[in-house]
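Dear colleague,

I am passing on the structure below, followed by notes on what was found in it. Please read the notes with the coordinates open beside them.

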Amino acid sequence: MTIVVFRAPRGTADRLPDEQKYWRFIEARAVGVAGRFGYGRIDTPAFEDSNLFVRSVGEGTDIVEKEMYTFEDRGGDSVTLRPEGTAPVCRAYLEHGMHNLPQPVRMYYFCPVFRYERPQAGRFRQHHQFGVEALGDADPSVDAEVIEVAWELMGSLGLRDVNLLVNSIGDGDCRPAYVERLRDYYAGHQPRLCPDCRERLERNPLRLLDCKVETCRALGDEAPRSTDYLCDGCREHWDKLAGYLDVMGLPYTVDHRLVRGLDYYTRTVFEIQPPDAGGQSTICGGGRYDGLVAQLGGRPTPGIGFATGIERLTLNLKRSEAPVPDEPSPRYLVANVGENARTAALELAVKLRRAGVGAILSSGSRGLRGQMRQANALGIPYALILGDDEILKGEVVVRDMIASAQQSRPLTEFLAEAGGG
RNA sequence: GCGAGCGUAGCCGAGUGGUCAAGGCGCCUGUCUGUGGCACAGGAGAUCACGGGUUCGAACCCCGUCGCUCGCCCCA
């Protein structure tokens, strides 16, 4: 192997030209869907004041405890590479007084996020998310809308075999009581819990529900369900949301084990998973976070959103047979034979490009045969051939690589046509 | 943070102690003196991850390091 001195940092990846078509496709579709629902793009900095994430994501969460890229900058401030997209958007909402805009304020983002994790299939230290946030309206119809955006995105990408899971985890009024019921229930079965779950029993009983160990799963089937312990407000919200989802005809399943790892979620939570649910299978996750903005120091402002992982979407696009359009290649390769012709070919290529037409000059010391091979290998649809004969006559040979047909045309005539189109 | 597997040219991949290492893809050239996709022939490209050890001798055995992959945890 060639000795490589530098390599991309662990958990990061170069995105080579061959990979780009997936990204372009996903971004184009995501932007299209978001636009149809009236969401406007927002870009926030790659790093923020560390406290923004400590306050929002939650002090006890894994993200804050052991996954953040936090460092002191040269001025002595603690900054953190964005580990998720929601908190920065909420910060921007507050900072720019967006409560004065018509509510809800609908925004989407497309950005890299950073978490110091152990890399694995579908998990990276730098990954990219497309996400959507609707801030300032607590109505369940907004929940339904956001879920529909997520669902539409999957459809628009051609990802058909995905499952939409929905749940409500209540709010500050009803969740504490539910969590206690859950704790009591599991405490009664402590001997059958896996070691991790015994730990969770103390720290975060909700997490007991999505344990993957078989015996724990069995217990989870019989466990108290959050939707049975909702307060009146959450109950009404949940019922209305379900009604809206029914009206929209979204094929959702209520999954009472669905909980989320970030502290700020309230009421509605949802996920989209591909059928072959492996370890890192979730391609979209989101929920409502009515307490978050207030927690960041703003007036109480409801919000709901979701994020998708672009790397995971790409993975699923490759697995599925969903058609992904190729990146466009230049229309012309300008082949040439002889020194005079090379100069003429350069001029021709320049003229085409300045007219906005894709053209590359066949390079260097290659014979015409080699140049044609190259046109073929690059998937270029037309080869233009210039040699001494053509120069003398002021012509150019235009070869259609797909039809294997060619004709000689006056150069000026060709340029007038090609440049115009 | 815990557990497992793996590391041979750009990519895939044979080779499990004895001529400084097969084959395939890709790349370049020629057969075809100005023409691609096929075929044939040739060529370039490998300190066999790195370091140490065992041995007369190591890609192959042992130890360490690094990296990658997979699972858990967690999450998109």
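Arg-267 is buried, with a relative accessible area of 15%, where buried stands for under 20% relative accessible area, exposed for over 50% and partly exposed for what lies in between (1.4 Å probe, protein chains only). Arg-267 has a positive phi of about 55 degrees although it is not a glycine, and it is found in strand β9. As background, most residues other than glycine have a negative phi, and most peptide bonds are trans.

Before going further, please note that this is a predicted model, in which local features need pLDDT of at least 70 and side-chain atom pairs count only at pLDDT 80 or more, while totals for chains, interfaces and linings use all residues. Residues are numbered from 1 along each chain as its sequence is written, chains are lettered from A and ligands numbered from 1 in the order in which they are written, and side-chain values use heavy atoms, with hydrogens and water left out.

Strand β9 (residues 266-273) is mostly covered, as 8 of its 8 residues are buried; helices (H or I, at least four residues) and strands (E, at least two) are DSSP runs, numbered from the N terminus. Strand β7 (residues 163-168) is joined to β9 by 6 bridges and the two run antiparallel, with Ser-168 opposite Thr-268 in β9; two strands are said to pair if DSSP finds at least two bridges between them. β9 also pairs with strand β10 (residues 284-288) in the antiparallel sense, over 5 bridges, and here Ile-272 stands opposite Cys-284 in β10.

The domain assignment of chain A gives domain 1 (17-174 + 230-319) and domain 2 (332-420), the bounds coming from an automatic or database domain assignment. The C-alpha centres of domain 1 and domain 2 lie 50 Å apart.

Turning to another part of the chain, an open sheet of 3 strands has the order β2-β4-β3, with antiparallel pairing. Its edge strands are β2 (47-49) and β3 (70-72), each of which pairs on one side only. Neighbouring strands of this sheet are turned by 35 degrees against each other on average, direction ignored; axes are lines fitted to C-alpha atoms, for helices over the stretch in contact, and angles run from 0 to 180 degrees between N-to-C directions. β3 is joined by 3 bridges to strand β4 (residues 78-81), the two running antiparallel, and Glu-72 stands opposite Ser-78 in β4. Helix α2 packs on the sheet, touching β2, β3 and β4, and its direction makes about 80 degrees with that of β2, contact meaning heavy atoms within 4.5 Å.

The axes of helix α2 (residues 50-57) and helix α4 (residues 86-95) come within 10 Å and cross at roughly 110 degrees. α2 and α4 are therefore roughly perpendicular to each other, on a scale where angles under 35 degrees count as roughly parallel, over 145 as roughly antiparallel, 65 to 115 as roughly perpendicular and the rest as oblique. Leu-52, Phe-53 and Ser-56 of α2 make the contact with Ala-87, Pro-88 and Arg-91 of α4. α4 is mostly covered, with 8 of its 10 residues buried, and these buried residues pack against β2, α2, β5, β6 (126-135) and α10 (292-295). Just after α4, Gly-97 takes a positive phi of about 55 degrees. A cis peptide bond, with omega about -5 degrees, joins Gln-103 and Pro-104, and Pro-104 is found in the loop between α4 and β5 (105-114).

There is also an open sheet of 5 strands, in the order β13-β12-β14-β15-β16 and with mixed pairing. β13 (359-361) and β16 (405-410) stand at the edges, each with a single partner strand, so one side of each is left without a neighbour in the sheet. Strand β12 (residues 332-336) and strand β14 (residues 382-386) run parallel and are joined by 5 bridges, with Val-334 opposite Leu-384 in β14. Helix α12 (residues 339-354) lies across β12, β13, β14 and β15 (395-400), running at about 160 degrees to β13. Helix α13 (residues 368-377) packs on the sheet, touching β12, β14 and β15, and its direction makes about 175 degrees with that of β12. Finally, Ser-404 is found in the loop between β15 and β16, and its phi is near 55 degrees, a positive value in a residue other than glycine.

With best wishes
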